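Me: I would like to learn how to read a pocket and an interface in a model such as this one. Could we begin with the terms?

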Amino acid sequence: MFDASFFWGLFPIMFRYIDTTLGISLASLLLALLIAFIIAGAYYLEVPVLKEICGAWVSIFRGTPLLAQLFWICYGLPQLIVPMQKLSTMTLIIWGVAFNASSYMSETLRGALSSVNKGQMEGCLACGMTRFQGFFRIVLPQAVRVAVPGLSNNFVDIIKQSSLAFTLGVTEIMAVAKMEGSTDLKFLESFTAVMIVYWLIVTFFNYVQKLLEKWLSRMY
Amino acid sequence: MEEVMLKITNLHKEFNGNKVLCGIDLEVHQGEVVAVIGPSGTGKSTLLRCVNLLEMPDKGEISIGGVSVTAPKIDRRQQYALRSMTSMVFQQYNLFNNKTALQNIMEPLMQVKKMPKKQAQESARRILKSVGLSDKENVYPSKLSGGQQQRVGIGRAMATHPQVMLLDEPTSSLDPELVGEVLDVVRKLASRHMTMLLTTHEMDFAKGVADRVIFLSDGRVLEQGTPEQIFDHPRSPRLKTFLSHYRH
Ligand SMILES: Nc1ncnc2c1ncn2[C@@H]1O[C@H](COP(=O)(O)OP(=O)(O)OP(=O)(O)O)[C@@H](O)[C@H]1O
Ligand SMILES: [Mg+2]
């Protein structure tokens, strides 16, 4: 019924591909954060034009399924933008996951920004600082602290969403589970194993999040 | 008489049809302390916030030092220019929560005055000492009492050497026993001829510190004069009624 030795044997194989899963996740996280900060900043500072572009961006990436976005970026867009054909599928997947996550992360950041008392910015302006100085030096640092739990949730979503890469032919842990399982039709073992691996990764990052929150709350 | 430092001409401000300021004319001279009094909701805070353009006036002219702006067409550059002539002390302190007491004062020195860090630090230490908080240098606002926070707030407002300091009810969020320490700092500033426009509900404070008192009511300057004239010989019935609420 349940082949325990096959089950245990899967873990070393999967751990060999865990760097692909983590690579996609971490690269997506960094890119998504960068975009999310730009979007949130554009909204907060009401930067003309950029604000409208960001609004459309968020609306598109929140309003459509990630899988469709990934296919669009990996298969659709390169037909229009030929230089994209030179990029690896892995890169395009990172873009797709990051673009999608950026729309959620920007919402998390915007919520955090609006939780910062309006008096903080007024304090900046009143002593002669510019809105940009006030945003970057005073408001944003306070918002980031508030945003950490939300952003961590967004990152956990990214980790889980990286499993979609296997539908585009990238071998990460989900793909390995499927391949290993299908050779002997031992799907129960292989998919149980992959769930455990994801759970371990997510649990690890939740722990990191707790440490980060503790460190941030010690500051002031 | 000293030269005019702040001049407000025909200032109007409304919030969605609620006319708050209906043509304010006001001059504050160099080194003068002017206290604005008046019923709650009459627009005292709005007046101060219009002076540094935290609220955009609908109409009117404001000039401070050499900078003069005419509402409503005031671009960003003019806003920053006018604000850099002023500083503000808030009722709710509005200290930077992510900065220590010292850093709160250093921040405008470094960002606005472009002072190097070392020099800003020394300058901020001197200011912190003058408001009696040398021992709180590395403490964050959340760990300071209201009175201490407000003294840092005043320190921050002094840091950039403003032409005019705006103080919006600097003591009204404070417990009674903490009011004194903040008033002392304000009096000290007044004795150093800092030009100040302040609002207050403390009539004794207005009496003690102000050279001139303005009574604001229904969006207009209804009466003004020396503290004696306003408090001891009020003319308009409005002011008489208003003052009677404060007499026991
Ligand atoms: N941002 C705003 N939006 C809408 N209405 C406002 C705003 N700020 C002030 N008001 C209104 O303008 C009027 C004047 O308010 P303001 O705070 O200037 O009064 P105040 O004289 O300072 O009162 P207090 O003595 O209670 O501090 C009030 O009716 C208030 O509701
Ligand atoms: Mg007020």
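Reply: Helices (H or I, at least four residues) and strands (E, at least two) are DSSP runs, numbered from the N terminus. This is a predicted model, in which local features need pLDDT of at least 70 and side-chain atom pairs count only at pLDDT 80 or more, while totals for chains, interfaces and linings use all residues. Residues are numbered from 1 along each chain as its sequence is written, chains are lettered from A in the order in which they are written, and side-chain values use heavy atoms, with hydrogens and water left out.

Me: Which element gives the largest share of the lining of the largest pocket?

Reply: A pocket is, on a 1 Å grid over the protein atoms alone, an open set of points where a 1.4 Å probe fits, with protein on both sides within 12 Å along at least five of seven lines; lining residues have an atom within 4 Å of a point. Here 23 residues line the largest pocket, with A:Tyr44, A:Glu46, A:Met121, A:Leu125 and A:Arg131 nearest its centre, and α5(A) gives the largest share, 4 residues.

Me: How many salt bridges are counted between chain A and chain B?

Reply: A salt bridge is a side-chain nitrogen of Lys or Arg within 4 Å of a carboxyl oxygen of Asp or Glu. The count between the two chains is 2, and in one salt bridge the side chains of B:Arg49 and A:Glu122 meet at 2.7 Å, N to O.

Me: How many residues of each chain are in contact?

Reply: With contact meaning heavy atoms within 4.5 Å, 19 residues of chain A touch 25 residues of chain B.
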